[in-house]
Amino acid sequence: MAPTDIVDARTTLRIPVAEERVSVTPDQRVTGRVTVRTVTETTEQQVEQALASSNVDVKRIPVNRWVEPGSARPGIRVEGDVTIIPVLEKHVVVETRLLIKEEVHVTRSETSEIASIPVTLRAQKVLISREDVQVEIRTPPINAKD
């Protein structure tokens, strides 16, 4: 059934509605040109200004002095125009001390007494005896050829 058809009262009647819409798109056209440029002009001028400079002389002075235990750490100090910066180094110090724990006193005394003790003594004697024995001495013959 088409929407414009007429039907009896029991049916619904539909009527179409139309609407127009506008769509605008801009059109770009070149109508002129603009050029922008900059020009830098220079001039010379003498300027006087006092310039200061500082020089630093650094000396390393060996001190090798112990800081007393319990005293404050030495800080940076200024003496005249010299700034003194202490350089610290930690050292482990092992100290050995002698402690007299006790004393042992030894007293020498001498006594003498006469004692009778049985002792076995041994002695050796040398006995020498001599007998006269006749000894015959033989000499081999001498050959002139040997």
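Okay, hi everyone. Remember as we go that we're looking at a predicted model. Let me begin with the whole chain.

We have 146 residues in the protein chain, and 0% of them count as buried. On secondary structure, the chain has two strands and zero helices. The accessible surface of the chain comes to about 19000 Å², and carbon and sulfur atoms account for 51% of that.

Now, the charged pairs. How many salt bridges does the chain have? The count comes to two. One joins the side chains of Glu19 and Arg21, at 3.4 Å from N to O. Glu19 and Arg21 are both exposed. The other pair is Glu79 with Arg77, where the N to O distance is 3.1 Å. And how exposed are those two, Glu79 and Arg77? Glu79 has a relative accessible area of 48%, so it falls in the partly exposed class. Arg77 also counts as partly exposed, because its relative accessibility is 40%.

Next, the surface. Which residues make the nonpolar patch of about 390 Å²? They are Ile117, Val119 and Leu121. If you want to find Leu121 on the screen, look in the segment after strand S2, which runs 82–84. Leu121 is at 77% relative accessibility, so it counts as exposed.

The largest pocket holds about 1600 Å³ of space. Its lining takes in 30 residues, and the closest to the pocket centre are Val63, Ile85, Pro86, Val87 and Leu88. Which element gives the largest share of that lining? That's S2, with three residues. And what is the lining made of, by class? You get 16 nonpolar residues, ten charged ones and four polar ones.

Last stop is a backbone detail at Asn64. What's the phi of Asn64 near? Phi there is near 50°, a positive value, and this is a residue other than glycine. Asn64 sits in the segment before strand S1, and S1 covers 77–79. Asn64 has a relative accessible area of 77%, over the 50% cut-off, so we call it exposed.

The predicted model has two strands, two salt bridges, a nonpolar patch built from Ile117, Val119 and Leu121, and a largest pocket of about 1600 Å³. Okay, over to you for questions.

Technical notes. Residues are numbered from 1 along each chain as its sequence is written. This is a predicted model: local features need pLDDT of at least 70, side-chain atom pairs count only at pLDDT 80 or more; totals for chains, interfaces and linings use all residues. Side-chain values use heavy atoms; hydrogens and water are left out. A salt bridge is a side-chain nitrogen of Lys or Arg within 4 Å of a carboxyl oxygen of Asp or Glu. Buried means under 20% relative accessible area, exposed over 50%, partly exposed in between (1.4 Å probe, protein chains only). Patches are made of residues with over 30% relative accessible area and no salt bridge: like charges are joined within 9 Å, nonpolar side chains (Val, Leu, Ile, Met, Phe, Trp, Tyr) within 5 Å. Accessible areas come from the Shrake-Rupley method with a 1.4 Å probe; for residues, only the protein chains shown count as cover. Helices (H or I, at least four residues) and strands (E, at least two) are DSSP runs, numbered from the N terminus. On a 1 Å grid over the protein atoms alone, a cavity is a set of points where a 1.4 Å probe fits but cannot get out, and a pocket is an open set with protein on both sides within 12 Å along at least five of seven lines; lining residues have an atom within 4 Å of a point. Grid points are joined across faces, edges and corners, and a volume is the space filled by probe spheres set on the points. Ala, Val, Leu, Ile, Met, Phe, Trp, Tyr, Cys and Pro count as nonpolar, Asp, Glu, Lys and Arg as charged, and the others, Gly among them, as polar.
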